[in-house]
Amino acid sequence: MNRQAQTVILFLTGGALLHAGFTDLYLRYVKAGLRPLLIGAGIVLIAAAAATLWYERRARQQEQQAEPHTHVDDSHSQTDEPHPHREPRVSWLLVLPLLALVLVAPPAAGSYTAMRTGAALQEQPWGYPKLPADGTLRLSVADYAGRAVYDKGRALAGRPLKVTGFLAFDDSGTPYLVRMALNCCAADAQPVKIALTGELPAVLQPDTWIEVTGTYTPKRTEDPLNGTAVPYLRVTTTKPVKAPQDPYDEAWNG
């Protein structure tokens, strides 16, 4: 690939990173905290493309100034003239993944991935932040799962709870409320699961985002894929909700 093609690839890669970083598209690839690094990488790549273009033009100007202005016999011009090497045009296909990054947003990992990946929990913390003394508790899937497993639900018992996630079902039809958690990027996403029991609608569709209102129950099971503890939540009501701007669990710190 020649320098011009390299410059175009660098510029498009940097532009794609900036496009993702300055929009919500980056949330489909990396966790929210990596946004500054993504934008910084885009700026560096565009700067590298500009520098490559400048040095290439400067080198050409120096070559032109250094060429001797001598007469060349026409009888030898055809045999002595060098033929520049032509790079294969197929190398320009490298641009296609970059265009796909800008034009097509990949879907977030959903129920299919969740039920084929072992459940994940945060490492047991030294303690949990104190919860409000009154009213309904709004918890993330990861927060409820961690408190239910490690803290034995001490701060949750007898309290009305609201938790939001998407639905997934195992082979036996047991429903789970799930959020995918990131350590770094979407490639290492792992599901945090809550098994649901209680008052559930007769018809539930996987990948539907719902807000569940319910109460803590000490009942738990184990994920058959990796043996991780999966707590239950006793459901009293459910309602469909719009998928959040960031589909991955914000409470996961890796």
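Modeller: Strands are DSSP runs of E with at least two residues, numbered from the N terminus. Two of them pair if DSSP finds at least two bridges between them. This is a predicted model, where local features need pLDDT of at least 70, side-chain atom pairs count only at pLDDT 80 or more, and totals for chains, interfaces and linings use all residues. Residues are numbered from 1 along each chain as its sequence is written, and side-chain values use heavy atoms, with hydrogens and water left out.

Biologist: How many bridges join β3 to strand β4?

Modeller: Strand β4 covers residues 190-198. The two strands run antiparallel. Met180 stands opposite Pro191 in β4. The bridges joining β3 to β4 number six.

Biologist: Which residue stands opposite Leu177 in β3?

Modeller: Look to β2, residues 161-169. It pairs with β3 in the antiparallel sense, over four bridges. Opposite Leu177 stands Leu167.

Biologist: Which residue takes a positive phi in the hairpin of β2 and β3?

Modeller: Five residues lie between the strands of this hairpin. The phi is near 95°. The residue is Gly173.

Biologist: How many residues of β3 are buried?

Modeller: Buried means under 20% relative accessible area, with a 1.4 Å probe and protein chains only. Pro175, Leu177, Arg179 and Ala181 point one way from β3 and are buried. Tyr176, Val178 and Met180 point the other way and are buried too. The count for β3, residues 175-181, is seven of seven.

Definitions and conventions. Buried < 20%, exposed > 50% of the residue type's maximum accessible area, 1.4 Å probe, protein only.
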